[in-house]
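Subject: Structure handover

Hello,

Here is the structure for you to look over. My notes on what was found in it follow below.

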Amino acid sequence: MHTVASILIGLVAALHVYFMVLEMFLWQRPPGRALSGFDADTARLTAPLAANQGLYNGFLAAGLVWSLVIDSLATQIFFLVCVIVAGIYGAATANRRILVAQALPGALALGAALLAA
């Protein structure tokens, strides 16, 4: 089960790297605009906000990778709970799809990590 948990945590980290790239570097290009649904002007105006959000996603990814490197359940729990809270907040304030795209993978990885302990 430890291997399954590590794979799921790695996938959540990769997902957050993907979010970071979309928000920090591709926000005004077709992939970022498809994600947000913004027209070119709105994407340009909101790009600094998206980049800031992307940076936080990068921190989540870095923390999850670090938790795997040091093999620390406590660190894994901390960062996965952060992912879940961010996903719930994003779903409540921005778009309900965030619950499935962010919180659900985090919750599955957390469940696997706790079962492996």
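Arginine 44 is partly exposed, at a relative accessible area of 46%, and aspartate 41 is partly exposed too, with 48%; the term covers the range between buried (under 20% relative accessible area) and exposed (over 50%), using a 1.4 Å probe and protein chains only. This is a predicted model, where local features need pLDDT of at least 70, side-chain atom pairs count only at pLDDT 80 or more, and totals for chains, interfaces and linings use all residues. Residues are numbered from 1 along each chain as its sequence is written, and side-chain values use heavy atoms, with hydrogens and water left out.

The side chains of arginine 44 and aspartate 41 form a salt bridge, 3.9 Å from N to O (a side-chain nitrogen of Lys or Arg within 4 Å of a carboxyl oxygen of Asp or Glu). The count by this rule is 1 salt bridge. Both residues sit in helix H3 (residues 40-69), 3 residues apart, or about one turn of the helix; helices are DSSP runs of H or I with at least four residues, numbered from the N terminus.

Helix H1 (residues 2-25) meets H3 with axes within 8 Å, crossing at roughly 160° (axes are lines fitted to C-alpha atoms over the stretch in contact, and angles run from 0 to 180 degrees between N-to-C directions). H1 is therefore roughly antiparallel to H3, a term for angles over 145 degrees.

Regards

Terms used:
Helix = DSSP H or I, 4+ residues; strand = E, 2+ residues; numbered from the N terminus. Parallel < 35°, antiparallel > 145°, perpendicular 65-115°, else oblique.
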